[in-house]
There are 8 protein chains.
Amino acid sequence: SDFARIDHHRQLRTGFPEVIWGQDKTTEQILTLFRAYAARNQAAIATRIEPDRIPRLQAQLPELTYDSIARIAALQPQLPQPQPGRLAVVSAGTSDLPVAEEAAVVAELWGFRVDRIRDVGVAGLHRLLAERSRLDQADVLIVVAGMEGALPSVIAGLVACPIIAVPTSVGYGASFQGLAALLSMLNSCAPGMGVVNIDNGFGAAQLAGRILRRLHRLGRSDDQ
Amino acid sequence: SDFARIDHHRQLRTGFPEVIWGQDKTTEQILTLFRAYAARNQAAIATRIEPDRIPRLQAQLPELTYDSIARIAALQPQLPQPQPGRLAVVSAGTSDLPVAEEAAVVAELWGFRVDRIRDVGVAGLHRLLAERSRLDQADVLIVVAGMEGALPSVIAGLVACPIIAVPTSVGYGASFQGLAALLSMLNSCAPGMGVVNIDNGFGAAQLAGRILRRLHRLGRSDDQ
Amino acid sequence: SDFARIDHHRQLRTGFPEVIWGQDKTTEQILTLFRAYAARNQAAIATRIEPDRIPRLQAQLPELTYDSIARIAALQPQLPQPQPGRLAVVSAGTSDLPVAEEAAVVAELWGFRVDRIRDVGVAGLHRLLAERSRLDQADVLIVVAGMEGALPSVIAGLVACPIIAVPTSVGYGASFQGLAALLSMLNSCAPGMGVVNIDNGFGAAQLAGRILRRLHRLGRSDDQ
Amino acid sequence: SDFARIDHHRQLRTGFPEVIWGQDKTTEQILTLFRAYAARNQAAIATRIEPDRIPRLQAQLPELTYDSIARIAALQPQLPQPQPGRLAVVSAGTSDLPVAEEAAVVAELWGFRVDRIRDVGVAGLHRLLAERSRLDQADVLIVVAGMEGALPSVIAGLVACPIIAVPTSVGYGASFQGLAALLSMLNSCAPGMGVVNIDNGFGAAQLAGRILRRLHRLGRSDDQ
Amino acid sequence: SDFARIDHHRQLRTGFPEVIWGQDKTTEQILTLFRAYAARNQAAIATRIEPDRIPRLQAQLPELTYDSIARIAALQPQLPQPQPGRLAVVSAGTSDLPVAEEAAVVAELWGFRVDRIRDVGVAGLHRLLAERSRLDQADVLIVVAGMEGALPSVIAGLVACPIIAVPTSVGYGASFQGLAALLSMLNSCAPGMGVVNIDNGFGAAQLAGRILRRLHRLGRSDDQ
Amino acid sequence: SDFARIDHHRQLRTGFPEVIWGQDKTTEQILTLFRAYAARNQAAIATRIEPDRIPRLQAQLPELTYDSIARIAALQPQLPQPQPGRLAVVSAGTSDLPVAEEAAVVAELWGFRVDRIRDVGVAGLHRLLAERSRLDQADVLIVVAGMEGALPSVIAGLVACPIIAVPTSVGYGASFQGLAALLSMLNSCAPGMGVVNIDNGFGAAQLAGRILRRLHRLGRSDDQ
Amino acid sequence: SDFARIDHHRQLRTGFPEVIWGQDKTTEQILTLFRAYAARNQAAIATRIEPDRIPRLQAQLPELTYDSIARIAALQPQLPQPQPGRLAVVSAGTSDLPVAEEAAVVAELWGFRVDRIRDVGVAGLHRLLAERSRLDQADVLIVVAGMEGALPSVIAGLVACPIIAVPTSVGYGASFQGLAALLSMLNSCAPGMGVVNIDNGFGAAQLAGRILRRLHRLGRSDDQ
Amino acid sequence: SDFARIDHHRQLRTGFPEVIWGQDKTTEQILTLFRAYAARNQAAIATRIEPDRIPRLQAQLPELTYDSIARIAALQPQLPQPQPGRLAVVSAGTSDLPVAEEAAVVAELWGFRVDRIRDVGVAGLHRLLAERSRLDQADVLIVVAGMEGALPSVIAGLVACPIIAVPTSVGYGASFQGLAALLSMLNSCAPGMGVVNIDNGFGAAQLAGRILRRLHRLGRSDDQ
Ligand SMILES: Nc1ncnc2c1ncn2[C@@H]1O[C@H](COP(=O)(O)O)[C@@H](O)[C@H]1O
Ligand SMILES: Nc1ncnc2c1ncn2[C@@H]1O[C@H](COP(=O)(O)O)[C@@H](O)[C@H]1O
Ligand SMILES: Nc1ncnc2c1ncn2[C@@H]1O[C@H](COP(=O)(O)O)[C@@H](O)[C@H]1O
Ligand SMILES: Nc1ncnc2c1ncn2[C@@H]1O[C@H](COP(=O)(O)O)[C@@H](O)[C@H]1O
Ligand SMILES: [Mg+2]
Ligand SMILES: [Mg+2]
Ligand SMILES: [Mg+2]
Ligand SMILES: [Mg+2]
Ligand SMILES: [Mg+2]
Ligand SMILES: [Mg+2]
Ligand SMILES: [Mg+2]
Ligand SMILES: [Mg+2]
């Protein structure tokens, strides 16, 4: 194809393959890219695929799977290799689910185990405190919240593992499409978190994946 | 004076006298205003008075008192009448104290009892939870926080009384001089709070005072 | 349901039950939540419900009521207990009505009496001044305004009760979807008001409700 | 001088001479420009001149006058010709005086009569309403306000003459150096005003002057 | 109607009647307001009326006129009284016409004569310079421009009359829906202009009308 | 001390002790806090301490060390326990050094080994590519850059380990005190990075520390 | 036509004819403008023409050509004269193609040769480095990128020719419709580039064209 | 030095040597960098050097020259080689001179001839039109303007050569430190310009230099 040059070495360099960003591409372009991966017998993931595109895509690629909450389409010729570590995806409210699922589904497609802890926003703190043991067991936490985005700050003061904070565009008025949550997370009084773009579940999954894989390598080499 | 017309009826209309905003006035102007109140034997409060102005002001008005943390100067010919209700001023970190004290000192100068709960930021949640009974006893809470400004959201989910949220300019970088904390409070997932301007301890005190006085009146008349 | 954990203790902690935020939820999710409340014989309120969802919702829940201006759907197994105090909802222009009604309808569903004072924007000051006695009778004022958002400032200088200022997204151009009104209210030269998020009628109702309930309690206990 | 080419025809084209913007110029450059006007026996005005520059300027130009509130330095070889019409400069608070005086002093240096109405901010509406006859007599009103900037909106609904609204940088926090007042004025629900830049007293004076001169010309020619 | 209180005295106070802001109102509300004016035999103007509402409005009010470029609907029981002075509406590009026409049509409905000078943007300066005599004849200029909004600055340096600058939302990218043009006009290096809100043709017309009427009055009284 | 309640359990919960934020505290307050830690024989770190405070602090606490580039003061009763893993701190330009050193010095005070890779901004790509083996050896990379903030994006496409991106306030004009670099990093086309606040070297160090410690634990437990 | 005055001398002054901005014009207006050019036998280009307008336009102007990626419609009575120099249009990702093609197609319609280098974003640096000889051969580079907009910075450090940086609105969340990429390019640590508006392929083409034509003239005259 | 790695090959790659950014460096660091260049007998330029640093720098490097308007310090072991083409630097007002001189002095230090056209802001258009022949003779124009930044738009419609637009931070209020001028230039209705960062005279000089050198090369090779 003349519109794209797939970065087939990215997996070698960074450990994770290039993922197709669906939002600004035509369905024709997405099909061409899926086929290019299929031709090499490689798995391929596309994010930000609206449901109305699926019939057309699946007509051409019957083996394509689709998760309608995460809006992710994928081709997986074989099951992913199981990956080390425990990732938990924590979300503040029901409305944050699509972003939380983008993170969780991508991580699972890459072979990571994911624990989902949902609807534990800070307005009802007991819901979060009731899940402390699941929080403590995780090696990495992805914490997803919109509106005032306070959840990662509260969690960062409770646990020892690294936290990936994902602001969402959930909210209205002075949330300015997620800006309030983003600023909140960047200014957390509790250190220990890295922030990704608003609604960027995918980026959170990759950062979590890099940490978990590295942990594994480090642990082993340290023991030698 | 030709530069100001003091609103002597404000107390009658709103229950609280006009307060002198010190920041953009010359020391000469501030003196003139204090004298105008003194001439009527009225108490007068000036906020945002930097310490280096005090010697000059006290040379002219020896009875002027000054609180250097709250940066408030006041003339009080007699003690204020005790006011009803319980106000607590909660602050997230040491750096938020000047704003918290602006609220507390103004409220005390007007006759309200103030309970101060300090350094209970969300990075160490147990510090806040250890103070739940003091929080529950208050009729109004003023909650002061900078950085990510999450404290009022957490408290609003724990208590039943009205909350006045005060964002502070404490922070740096993407706090944008208090904007992050302000947006956080406006977008709180826990309802029940009203927000005032960044660093506006004075405004919080007046809103608290209006609530407490009204509560009093309402309670009594309801009982009749 | 696995997508939400309803905070059934919120009423105990804060005095008000959790309310369903409709905007980012699927109709299926909203139905599930209504049923969860109905199963416990509890009242349930959902805000930000567009009219086109109502037929589907009422087909499943025939007893569901809907206010099309406030965009509020509710299930009320029994009438709410009457609440103390006088709340007035003041709005600047006709276009601000949906937000003003979100506040008024929520307050009424919770049992508060509401006085509505409409279309008294500052461009025709006599309209406001003609209503001074209704303003003076209120224990709490919710003041709703878009565009330049000056109405709460003017009212705060006239009355003694606490004011909850609600900026609306009404306007165009440099109103930036309500930012102008929001900033105006935060910077009011007349103190005594707390500001909620742009278009946040619901949050204003809850803050008003907290004040009115507290007033009641305070008044009584003071008299003892 | 090689750093500036004075626009000596501006008076012919626009009715008002070029005025020296002092803020970003060296004292040496300001002196050179005053001398260039003096050499042609023309009046010259410089704005934004801090007081500490005056001794050096007056040492060279002893006839230079200086208004320390308006921060304006001027050379006037002869008195200005009296100009038609009635201009009133209205200001909301004491802190707005420097900007109001920049407008008033420039207008007077050009020969206009100026009525000053001060400290009539909307927090005490009776102060403004007490001055309605002075407001009604004016042909043009310059209205200067910081903080929430509501004053021009209120006045525009009361009077029939054109209003020039001047936001000031007075305020703090979410005033964002005058942005709140600026947006407020641009979004006024009361039409009939034109807005100038934050703190731009000079621009307001020139717009007022253009209106008053034109009124004069128009009135006369219409009568013929 | 219970949703609006028409300000019937506004004409007496300000010289111009209240105008109906159509954008956020239901068609039913707009009809009700038109009928309220018609019942008093008064002219009524509604702005921001999209064409698809017209059939329904005209079915009820057959005498309603509509200008589809200006998006203005009006009821005029009799011709307006001719007004004094010369108003010119200058626009930078074809895309700015709807805003320019909003100004021009409102002014004409109120009885003012309007000269339209179109497509004279600064990219082809000769087009503007070719119209200097029409510019010089005007008593007030309304200058409408989007994109970089430079046109009012260039004109303000060429003419002596007051200028009303109207930024439009025409543009894309870093125009931020008219913000670039707005800031440009507020920061003009050529003084003598007042700025109204982005796309606010109506506000420009009213300011122009206030100036022209006042000029008239002033001219006459000066001659006595 | 009544102004602060030190969170002595934070180390237990999160693995790292509370650190003193120096910027908004008085020297007296900082001394009190250092003494509180010293009284328990605990190490204590204070960030954002300007050099002019050091003489006064060291007069009271002679064993206090100070790093003048990182602006960090510390009391360390004993050497920190060596920590696992390899952390590299990469910086784009000389002007970014203070932030990079805040990260590096904090990490070293906590016992981590730090490799510093300096002045490898993208304007001279060969400088970065020449250091690829040091980049590949790291388990976590902290990448510090101001201006356009492109360095983390370029590195994230080259390596497999997690990246912590730190925007700095280095730049001018449209860098808006680090906003440009911050947005750049949040929008990176290369995934695998988490972003911290502008100039937040401390937060980056803690996130890196959490990752490295967890890696260690995970690796070991996996091997069992 | 009375809605536009075509600037037929622009070609004489600037070397390039006026181009029709299609976005805010009616199809009728666009037709009228094409016909005005056709009547003079001149080529005419219209940008930002959505595909759904083409049937109606081609029904009237059968010879109209349309490029659906660049969204450009054109009438060319004869082939353009070949222009000097080598222009390369480099784009970061597939989603940036519409903007890159706006630049490339406009340049080709004016007679320039264009080399297209696609999908060479910085996440896979080898793709860019593999094209260094094509980059080095260009006399001007147009570099198009969205998201973090790092590509022009990286290229500016590699080549010697002038670079025109075009930020695109591709991205989401904190890209703020291209603002992140725009700021990135304005703050590039590698000098040698000029930035145009977000998505402004057309402006980039004209700047490139001006440079290439001038180079030609300069080269020749220097040799004499 | 361990704090910087000078990019000595930048001249080979881009045609221009690295320049020292002085603003955020210590005087000691600047000295070290100058000496590193001097040790290789290369010319070195440092920008953003405040005058108070010069005595210390010249005490160590007596041959250092300094331009106090441009704030540029330089070491030039030999005269630069004369460069091809004609560069004109046009500035709008006296206050823009430091930025204009940063561009002009850097260009001259690199061997380019510079024509300076000053104080030709759009408020007095005749001043600009009087210089049209100098404008037409230039091969590249650097146009420097603050406030509303309209000058490059006006010039771009008059001439055929490429234009480099430099917004300056000159202004106040809603200029937001140069943002207004920057947006103005990015949204110019007259195409043909590239914009650099606010106050970035240096970047403009380098872009101009790249164009002029390329022109030269192109011209020659075309003639062969
Ligand atoms: N109209 C509204 N405006 C603001 N917050 C609301 C509104 N309606 C409901 N909420 C809040 O949203 C929370 C529920 O969020 P969720 O769990 O996503 O349904 C409730 O507890 C309320 O605090
Ligand atoms: N350089 C720094 N940057 C960001 N946060 C910091 C820094 N230094 C200390 N802190 C945080 O500030 C908190 C202390 O705030 P305070 O109670 O005001 O001393 C600590 O627990 C840290 O989380
Ligand atoms: N795609 C484009 N991007 C930016 N400016 C454009 C574009 N297409 C046309 N223009 C400019 O818009 C001007 C025409 O505006 P108008 O008079 O409204 O048609 C032309 O002279 C061009 O300078
Ligand atoms: N006045 C200036 N404006 C913008 N960039 C500059 C300026 N002076 C130097 N630079 C850039 O800053 C880089 C040097 O940064 P540094 O390595 O920190 O000295 C140089 O290569 C130039 O690209
Ligand atoms: Mg919930
Ligand atoms: Mg603390
Ligand atoms: Mg009305
Ligand atoms: Mg006052
Ligand atoms: Mg045109
Ligand atoms: Mg360097
Ligand atoms: Mg790609
Ligand atoms: Mg000048």
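**Entry 1: ligand 2**

I started with ligand 2, where a nitrogen atom sits 3.3 Å from an N or O atom in the side chain of N200(F). I call that a polar contact, meaning a pair of N or O atoms within 3.5 Å; within protein, one must be able to donate a hydrogen and the other to accept it, and residues adjacent in sequence count only if both atoms are side-chain atoms.

Before going on, I noted that this is a predicted model, where local features need pLDDT of at least 70 and side-chain atom pairs count only at pLDDT 80 or more, while totals for chains, interfaces and linings use all residues. Residues are numbered from 1 along each chain as its sequence is written, chains are lettered from A and ligands numbered from 1 in the order in which they are written, and side-chain values use heavy atoms, with hydrogens and water left out.

Back to ligand 2: I found an oxygen atom of this ligand 2.4 Å from an N or O atom in the side chain of K25(F). Another oxygen contact goes to the backbone: an N or O atom of C189(A) lies 3.2 Å from an oxygen atom of ligand 2. I then looked up the cover, and the protein takes up 91% of the 500 Å² of accessible area that ligand 2 has on its own (Shrake-Rupley method, 1.4 Å probe; for residues, only the protein chains shown count as cover).

Which chains surround ligand 2? Residues from chains A, B and F do, so the site is shared between chains. I counted 15 residues around ligand 2, and the closest are Y172(B), R10(F), V19(F), K25(F) and T47(F). A residue counts as near if one of its heavy atoms lies within 4 Å. By class I get 6 nonpolar, 4 polar and 5 charged residues in this shell. For the classes, Ala, Val, Leu, Ile, Met, Phe, Trp, Tyr, Cys and Pro are nonpolar, Asp, Glu, Lys and Arg are charged, and the others, Gly among them, are polar.

**Entry 2: ligand 4**

Next I went to ligand 4, which lies between chains F, G and H. It has 15 residues around it, the closest being Y172(F), R10(H), V19(H), K25(H) and T47(H). The shell of ligand 4 splits into 6 nonpolar, 3 polar and 6 charged residues.

The side chain of R10(H) has an N or O atom 2.6 Å from an oxygen atom of ligand 4. On the nitrogen side, a polar side-chain atom of T47(H) is 2.7 Å from a nitrogen atom of ligand 4, and one of E102(H) is 3.1 Å from a nitrogen atom of the ligand. Taken alone, ligand 4 exposes 500 Å², and the protein buries 91% of that.

**Entry 3: chains F and A**

I moved on to how chain F meets chain A. Each gives residues to the contact (heavy atoms within 4.5 Å): 46 from chain F and 46 from chain A. About 3,700 Å² is buried between them, with carbon and sulfur atoms giving 54%; buried area is the accessible area (1.4 Å probe) that two parts lose on being put together, summed over both.

How many salt bridges cross the interface of chain F and chain A? I got 2, taking a side-chain nitrogen of Lys or Arg within 4 Å of a carboxyl oxygen of Asp or Glu. D139(A) and R214(F) form a salt bridge at 3.1 Å, N to O.

Chain D and chain G have no contact either, at 21 Å between closest C-alpha atoms.
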